[in-house]
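Subject: Structure handover

Hello,

Here is the structure for you to look through. My notes on what was found follow below.

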Amino acid sequence: MDNVSFADLDLAPEILKSLTESGYLTPTPIQAQAIPKVLQGHDLMAGAQTGTGKTAAFALPVLQKLLPFASTSTSPARHAVRALILVPTRELAIQVEESVRAYAKHTHLRSLVVYGGVDIKTQTPKLKAGVEILVATPGRLLDHIEMKSVQLNQVQMLVLDEADRMLDMGFMPDLRRILALLPKARQNLMFSATFSGEIKKLSEEFLKAPVLIEVARSNATAENVVQKVYLVGHEDKHALLAQLLRGSDATQAIVFTKTKLTASRLARQLQREGVAADAIHGDKTQLERMQALDAFKTGKVSVLIATDVAARGLDIDHLPMVINYEIPHAPEDYVHRIGRTGRAGASGTAISLVAPEEERYLQEIEKLIKREIPKETSKLPPTPARPHAARVEHHERSYAPHPVSKHPSRDAWFDKPYEPSVRSTPTPAVEQPVSRPKTQMPALFMRRKTEDAA
Ligand code: AMP
């Protein structure tokens, strides 16, 4: 499988052209395995995390199989929905459709994305004009079905992307309603980052003699991600997070919280401290979420605070660091979260701040990933860097089993004082071009105005 090229996969020249333009040289393992099977017409149950190239693994053969339906006609009747791609979140929907559109660039196949949280009326005319490939979140698709703005009786390929998350988010009843409207004779492709009894049941219900493909061990975490746990009192987490961001060489990080409230509070706190931070969670409007994501992608925001649901499926290249400010209670979410880093062979760091009351969830995570994550104790600086040092010390004492500041860190990386990195020189007089490579993004902790003035 190692030396397979896209041309070996029998893809059409117009699809190969778009891959070359996307800069893809060789198929990823999931692509090399899935594409031939899908082209042969098999149903598929694929275990693959985001970051493995799974989108192209289904999008490319879907496009190839639909090429005979490509048409330059403006008649909606000539553009029936032939492939339906269901995804759990709006952000993922947008990203998947962007990929489909890029790969379909040199064909006459049309694609469209529909998701909730935006005015349905803006989507209806485009849907009525006809599209071959429809990417949708389940709820909004049902709205369109009810409004009769879409017909699904020509669907011959169905993709369930991030099926595990769809179940987690309670989409099962919606899925059943949608699937009942599709023709029985169709090809089904299911992708899931984790395998559970529920997922197996779903695959038995919807897939016919599926080919099973797994690119990573089920529930495994990426091998190239360095994982670490910091045992720390809850009250010390903010100070430790600030220290980690300050001491990091990483250019960008996603920080996960359990609740929307913590995400917002943390973003505000970090902004006050000079970090270009923003939050992305379910209470934000679609526009705010897209703006925050865009700002993160272009490097204007260096720390994105996210809840699990909002961050699911985000495709952010070269993300070097993920920090779990609070660890998830569902161990599978840990796998999803750290899947944001260490993509496509790059190395990444995943740090979890674990308070004593969270340790039982940590044990669940270690059981799932079948490995123990190395533990560190944090060394927080004394006053005046920590305005609440007295309060914090009180809590450190109260967490006797985890002497947060009594033992020095075993990793010098975290002990070194903050030094502005080469990339965090004062803001240049001339603005950087927007298209600068991501590797040149500013360091996480921007210099405060007071420091610049000094
Ligand atoms: P995905 O797992 O589909 O979210 O893809 C993760 C990232 O890998 C995306 O940024 C894709 O554009 C990129 N990608 C997918 N396939 C390839 C490939 N064959 N070569 C290089 N990059 C790829």
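At what angle do helix α14 and helix α15 pack, and how far apart are their axes? Before the answer, two remarks on the model. The model is predicted, so local features need pLDDT of at least 70 and side-chain atom pairs count only at pLDDT 80 or more, while totals for chains, interfaces and linings use all residues. Numbering starts from 1 along each chain as its sequence is written.

Helix α14 (residues 331-338) packs against helix α15 (residues 359-369) at about 70°, with the axes 8 Å apart. The two are therefore roughly perpendicular, a term for angles of 65 to 115 degrees. Helices here are DSSP runs of H or I, at least four residues, and strands are runs of E, at least two. Pro 331, Tyr 334 and Val 335 of α14 meet Glu 364, Ile 365, Leu 368 and Ile 369 of α15; contact means C-beta atoms, placed from the backbone, within 7 Å. Of these residues, 6 are nonpolar, none polar and 1 charged.

The chain has 18 helices and 14 strands. Of its 454 residues, 43% are buried (20 or more other C-beta atoms within 10 Å of the residue's own).

Regards

Conventions. Axes are lines fitted to C-alpha atoms, for helices over the stretch in contact, and angles run from 0 to 180 degrees between N-to-C directions. Angles under 35 degrees count as roughly parallel, over 145 as roughly antiparallel, 65 to 115 as roughly perpendicular and the rest as oblique. Two residues are in contact if their C-beta atoms, placed from the backbone, lie within 7 Å. Ala, Val, Leu, Ile, Met, Phe, Trp, Tyr, Cys and Pro count as nonpolar, Asp, Glu, Lys and Arg as charged, and the others, Gly among them, as polar. A residue is buried if 20 or more other C-beta atoms lie within 10 Å of its own, exposed if 12 or fewer, and partly exposed in between; C-beta atoms are placed from the backbone.
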